[in-house]
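Hello,

Here is the structure you asked about. Please open it first, then read my notes below.

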Amino acid sequence: MEENKKREYIGVKELGSLAKADFCPRCFWYERHFGPFPSFFPGIFNVIDRNLKNSVWQTWRREKKLPSWLRIKNVQRVLTADKIGKVEEKHRQKYLVAYHKKSGFILRGAPDLILELKDGTLHIIDFKTARFKEDDDQFLPAYEAQLNGYAILATKFSVSKLSLVYFNPLLETPDEFFTGSRFKLSFAPQIISVEIKPKLITKLLMEAKEVLSQKTPPPARENCRGTCFYIDKIRSV
Ligand code: SF4
């Protein structure tokens, strides 16, 4: 019973925030104790995401191949999460879960696409509707952690490849953009290979554990000009 009490879920996306250069331990502490801050994430991204996944599954079921926009070689099968690891359902979505003994966390996540390659290993893919900014991409470390988290969750297979597929928005002329009473947005897919880092997830989970073991919120992030900056200023008057 006591052991179960110590086990907490942590999402791979949430864990990815610890890999970012601007990670704020105080933010993380607050969110874990009181729930996530309000997010104004536009719903359109969920629609794009769902359509991309449907496009892959429909083409695979119909033609036993990937859609033409997804140029990935040596694919044997497209797999569902339950084929590659332990699955739990939450809000009608299936998540892979795995208990990480050292930290006491249960890692949880749902990859966008799981491909079994001809050599029997997995290629796990995540879609990002964003422009890829190479080394300047502040989210890349978080995405790398996310994909490495999925690799840990794939307990029934060995994972040989991790990739991000960025959907770069294309700049179009007004004539191309508007057709009659409709407008269309176009995106160009770009596949970015991500390094497999076997120790990364344990490192991040242990860091998360350390932050959350503190009884009071950690200090504000240095040079942050967010709410804490103003609260600290008011307090110091
Ligand atoms: S306002 Fe800044 S220091 Fe405060 S919790 Fe948010 S990110 Fe951290």
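Strands β4 (residues 93–100) and β5 (residues 105–109) run antiparallel and are joined by five bridges. Strands here are DSSP runs of E with at least two residues; helices are runs of H or I with at least four, and both are numbered from the N terminus. Within this pair, L96 stands opposite G109 of β5.

A word on the source. This is a predicted model: local features need pLDDT of at least 70, side-chain atom pairs count only at pLDDT 80 or more, and totals for chains, interfaces and linings use all residues. Residues are numbered from 1 along each chain as its sequence is written.

β4 and β5 belong to an open sheet of four strands, in the order β1-β5-β4-β3, with mixed pairing. Two strands pair if DSSP finds at least two bridges between them. The edge strands, β1 (8–11) and β3 (86–90), each pair on one side only.

Now the helix. α5 packs on the sheet and touches β4 and β5. Contact means C-beta atoms, placed from the backbone, within 7 Å.

Is α5 mostly covered or uncovered? It is mostly covered, with 12 of its 14 residues buried. Buried means 20 or more other C-beta atoms within 10 Å of a residue's own (exposed: 12 or fewer; partly exposed: in between), with C-beta atoms placed from the backbone. Y143 and L147 are among the buried ones.

Best wishes

Note on methods. Contact = placed C-beta atoms within 7 Å. Axes fitted to C-alpha atoms, helices over the stretch in contact; angles between N-to-C directions.
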